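Reader: I want to learn how labels are given to parts of a structure. Can we go through them one by one?

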Amino acid sequence: MVETSTPDPGADATAAAGPPDPADKPRALWHHRDFRHLWAGDALGQLGAQFTGLALPVLAVGALQATEWQMGVLSAANMAAFLLIGLPAGAWVDRMRKRSVLITADLFRAVILAGVVVAALTGTASMPLLYVAGLLLGSATVFFDVAHQSYVPALVGMDHVVEGNAKLQATASVAQVAGPAAAGVLLRFVTSGALIGFNALTYVFSALFVSRIAHRETLPPRDERRPLVVEIREGLSFVLREPLLRRMVACTALGNLAWGILSALQALYILRDLDLGEAALGTIFSAASVGALIGALLGRRAAEWIGEARLVPVSALAMGIPIALVPLASVLPVPPTVTLIVGLGLSYTMMVVYNIATVSFRQRLCPPRLLGRMNASVRFIVWGTMPFGGLLGGWLGSSFGVVGALWFAVIGTLLAALPVVLSPLWTMTTLPTAADDDRGTTAGPPAGPGPAD
């Protein structure tokens, strides 16, 4: 259910190179210089993040002998920034040059990871150190994600937002496939600390690529700024007053709460309960992530087959069912590696399809001037539940065992689909849009179902 970092249309002016020619739409973004630099930087960051996403839990479980509760706290620390600073970050980013925000966030994350590497290699690493590192990394990620979502569409133009989304999502999915497999192999030969060092380098190179973007923003005059609280309230109000958007946000937030339980315990479950080893851990995540790549490739086609509105409840419900294979891997007469790959892979497929549908809806609905605040408000709500999910996972794992806690995650994921399943989306074909008027306001979605496809 975790919302991917696909971009939303931004408030910024179009790129210096101009949006690509619509007549060349299928290949246009391959020839768009600024998008290529952003794409390359994002690809490097995604690959490195996959290395750290595997190496940090391995460091905690293997070298530091973390308990269920400690893994829950670590998961919560990684996501806490979205809850603590998620709302003001949107208003701050709307006042900043987003290219500069992206570069600064990349370099900050590289420095934090370098500190973890030094601690790991010198034997001074500890769980409190990982908690602090996770909190700081998450804080930088908050700013990066909000700026990224609001900046990308200015580079590609509104007519190419879906194309840009698909390319960036496909890149993230490829990284999810290649990263864990490579990390699992490398962990046979190097320490988890050394592996984290690779991630630090990828953030440095990501910053270098972003710095080559030629597009420059024109910031609004300072005298036009309003109090921070007013701007935060405006972005949050937009999210909460749009009926369909409100249902999608509720679905994602509840799903992320349940997914937080799973994320906190899955490494502990695979390494300790199933005793599959670090290489198998990488293989499982890598093979399962093929499902995410399939979802990225099928997203647009699925919307044509099912209808983009109806696709939201279908994918939300479908992503929860295969998660049951995760706890069942401990009892089924099938190799647990195979069961986990199938269960996670099918869930990833529908998760990406869901994300493409819901993010594209936000892109078309929100006025450009509100994008930073809208993105931050959505992330505050939907990612803000994950720290609680991590803590809940740690408590459930300590109280009911890891397998018992995973069943709570399965039930929670299925229940999370209810806000969109019990909605008018079933009777709609297309999702509504709202055009901005010259004052930057937006109309609400129409009351009835969209036109037939």
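Author: Start with two terms. Buried means under 20% relative accessible area, exposed means over 50%, and partly exposed lies in between (1.4 Å probe, protein chains only). Helices (H or I, at least four residues) and strands (E, at least two) are DSSP runs, numbered from the N terminus. The model is predicted: local features need pLDDT of at least 70, side-chain atom pairs count only at pLDDT 80 or more, and totals for chains, interfaces and linings use all residues. Residues are numbered from 1 along each chain as its sequence is written, and side-chain values use heavy atoms, with hydrogens and water left out.

Reader: Which residues of helix 13 are buried?

Author: They are Ala309, Leu311, Val312, Pro313, Ser315, Ala316, Met319 and Gly320. Helix 13 covers residues 308-320.

Reader: How do you know what span to expect for helix 13?

Author: The expected span is 1.5 Å times one less than the number of residues. Helix 13 has 13 residues, and 18 Å is expected. From its first C-alpha to its last it reaches 19 Å, close to that value.

Reader: Why is helix 4 called mostly covered?

Author: Eight of its nine residues, 86-94, are buried. Among them are Gly86, Leu87, Pro88 and Ala91.

Reader: What makes Val146 buried?

Author: Its relative accessible area is 2%. The limit is under 20%, so Val146 counts as buried. Val146 is in helix 6 (residues 127-156). Val146 and Ala91 are 55 residues apart in sequence and 9.8 Å apart in space, C-alpha to C-alpha.

Reader: Is Ile270 buried or exposed?

Author: Ile270 is buried, with a relative accessible area of 2%. It lies in helix 10. The C-alpha atoms of Ile270 and Thr337 are separated by 9.0 Å, and the two residues are 67 apart along the chain.

Reader: How many salt bridges does the structure hold?

Author: It holds one. A salt bridge is a side-chain nitrogen of Lys or Arg within 4 Å of a carboxyl oxygen of Asp or Glu. The side chains of Arg109 and Asp106 meet at 3.0 Å, N to O. That is within 4 Å, so the pair is a salt bridge. Side chains of opposite charge can pair when their charged atoms come close.

Reader: Where are Arg109 and Asp106?

Author: Both are in helix 5 (residues 98-122), three residues apart, so about one helical turn separates them. Arg109 and Asp106 are buried.

Reader: What does the charged end of Arg109 sit over?

Author: It sits over the ring of Phe144, 4.6 Å from its centre. The rule asks for NZ of Lys or CZ of Arg within 6 Å of the ring centre and within 35 degrees of the ring normal.

Reader: How many aromatic pairs does a search of the whole structure find?

Author: It finds three. The rings of Trp395 and Phe400 have centres 6.0 Å apart and planes at 85°, so this pair is edge-to-face. The rings of Phe400 and Phe408 have centres 5.5 Å apart and planes at 45°, so that pair is tilted. Here is the rule: rings of Phe, Tyr and Trp (its six-membered ring) pair if their centres lie within 6.5 Å; planes under 30 degrees apart count as stacked, over 60 as edge-to-face and the rest as tilted. Ring pairs link Trp395, Phe400 and Phe408 into a cluster.
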